[in-house]
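Hi,

Have a look at it first and then read on.

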Amino acid sequence: MGINLSKSSLTNTEYLLTLSSTNNFYRKHSIIQGEFYLNARRKLCIEKKIRVDLIGQLIEHNKPSLDTKKSSSLISTNEIFFTYSFPLVTSHQNGIARIIKQQQITFPFRIPLGINLPPSCEFKEFSIVYYLDIYHDGRLLPNMRKKIILAPPTPHINIPLPCKVTDLNNLTMICSLQKSFYSGRDGSIVPLFISIKNFKQNQIQTITVQLIQTISLNGKKHENEIFTSNLNEINENIQENQIDTIVELNLPTDLPPTHIPNDNCQPDNVPSVAITYEFRIQGQINDEIISNLHLSVPIGIE
């Protein structure tokens, strides 16, 4: 069942594009395929071309200018790093101009995806976007542009190892996850197991958890705080020597999935994008931060 994109018309022709995939995203080694429909109001002689282009574009969002007159605006730089053209009609066949006599005609297309393209993503620092463009007789059909979402490979099915830390107060904290990855598209609940061994029975005032997103573009890293929350499941000012609990954390929807690129296979013109997440858990004793623990959180698309 196709996905209806849009309909555009010029003087004597109407157009329609459908995609055959039932998903709204694509992974590496998959194929973007569909059909392009052309409805001519009169017999049409094609002497140029019709083609479908898959475009990959990097958009970098620069910081506001120090100039007070420009401080309210952001300057973006755009770079097209990938183009794949699929011809639907060529100018000539065997030296003869191609003539289409039917008023309605369908052109199927197939665009294979490689393994080195970065995933679609939108951050305040930069964005990676993909889209299909249609050209008819060298003329871009702007109303036919279709956004394409590229997702990272399916996450490996392996549960992250527990993380453990012991501080100077002889307080040991162990944290672990129960699933191999969590959905960043629809949002989900993340059960976080926490075990604390408080041998000296220190008075633990609070324990907080942060979800931190780390992104990098060509090696330049940025950190974004997704949320910070107090763990109310652990009572304030508790002094027990053994604490075991499961905390349920709500994952925001539409988080871009985890992606770690293979830099050894990265072409020079393709941007290297990395996206990772981690929980940072901190305890507090007498206004002192203790047990600073980092636990990786894999986020994917099922």
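A word on confidence to begin with: pLDDT is the predictor's confidence in each residue, on a scale from 0 to 100. The chain averages a pLDDT of 81, and 80% of its residues reach 70 or more. Residues 1–11 are the stretch to treat with care: pLDDT stays under 50 there, and the model has 36 contacts for them beyond four places in sequence (a contact means heavy atoms within 4.5 Å).

Some housekeeping. This is a predicted model, so local features need pLDDT of at least 70 and side-chain atom pairs count only at pLDDT 80 or more, while totals for chains, interfaces and linings use all residues. Numbering starts from 1 along each chain as its sequence is written, and side-chain values use heavy atoms, with hydrogens and water left out.

The overall picture

The chain has 0 helices and 24 strands, going by DSSP runs numbered from the N terminus (H or I over at least four residues for helices, E over at least two for strands). Of the 302 residues, 44% are buried; buried means under 20% relative accessible area, exposed means over 50%, and partly exposed is in between, with a 1.4 Å probe and protein chains only. Take the contacts between residues at least 6 apart in sequence, and 66% of them join residues at least 24 apart. The accessible surface is about 16800 Å², and carbon and sulfur atoms account for 48% of it (Shrake-Rupley method, 1.4 Å probe; for residues, only the protein chains shown count as cover).

An open sheet

Four strands form an open sheet in the order β15-β16-β18-β21, with antiparallel pairing; strands count as paired if DSSP finds at least two bridges between them. β15 (163–166) and β21 are at the edges with a single partner strand each, so one side of each has no neighbour in the sheet. From one strand to the next, the twist averages 15 degrees (axes are lines fitted to C-alpha atoms, for helices over the stretch in contact, and angles run from 0 to 180 degrees between N-to-C directions).

β21 (residues 242–250) is worth a look for its side chains, which alternate. Ile-243, Thr-245, Val-247 and Leu-249 point to one face and are buried.

β5 and its partners

What surrounds β5 (residues 50–61)? It is largely enclosed by the rest of the structure, because 9 of its 12 residues are buried. β5 runs antiparallel to β6 (residues 76–89), with 12 bridges between them, and Gln-57 stands opposite Ile-80. β5 also pairs with β12 in the antiparallel sense, over 11 bridges; here Asp-53 stands opposite Asp-133.

Two loop residues

Gly-138 is in the loop between β12 (126–136) and β13 (139–140). Its relative accessibility is 62%, so Gly-138 counts as exposed. The C-alpha atoms of Gly-138 and Ile-50 are 7.6 Å apart, although 88 residues separate the two along the chain.

His-259 is in the loop between β21 and β22 (273–285). Buried or exposed, this His-259? Its relative accessibility is 12%, so it counts as buried. Apart from neighbours within four places in sequence, His-259 contacts Pro-119, Pro-152, Pro-153, Val-273, Ala-274 and Ile-275.

Salt bridges

There are 5 salt bridges in the structure, each being a side-chain nitrogen of Lys or Arg within 4 Å of a carboxyl oxygen of Asp or Glu. One of them joins Lys-147 and Glu-122, with the closest N and O atoms 3.0 Å apart. That pair connects β14 (residues 146–148) with β11 (residues 121–122), across 25 residues. Glu-122 is exposed, at 53% relative accessibility.

Which residues are linked in a network of salt bridges? They are Glu-223, Glu-278 and Arg-280. Glu-223 and Arg-280 meet at 2.7 Å, N to O, and this pair links β20 (residues 220–230) to β22, 57 residues apart. Between Arg-280 and Glu-278 the closest N and O atoms are 2.6 Å apart, and both residues are buried, Arg-280 with a relative accessible area of 17%.

Cheers
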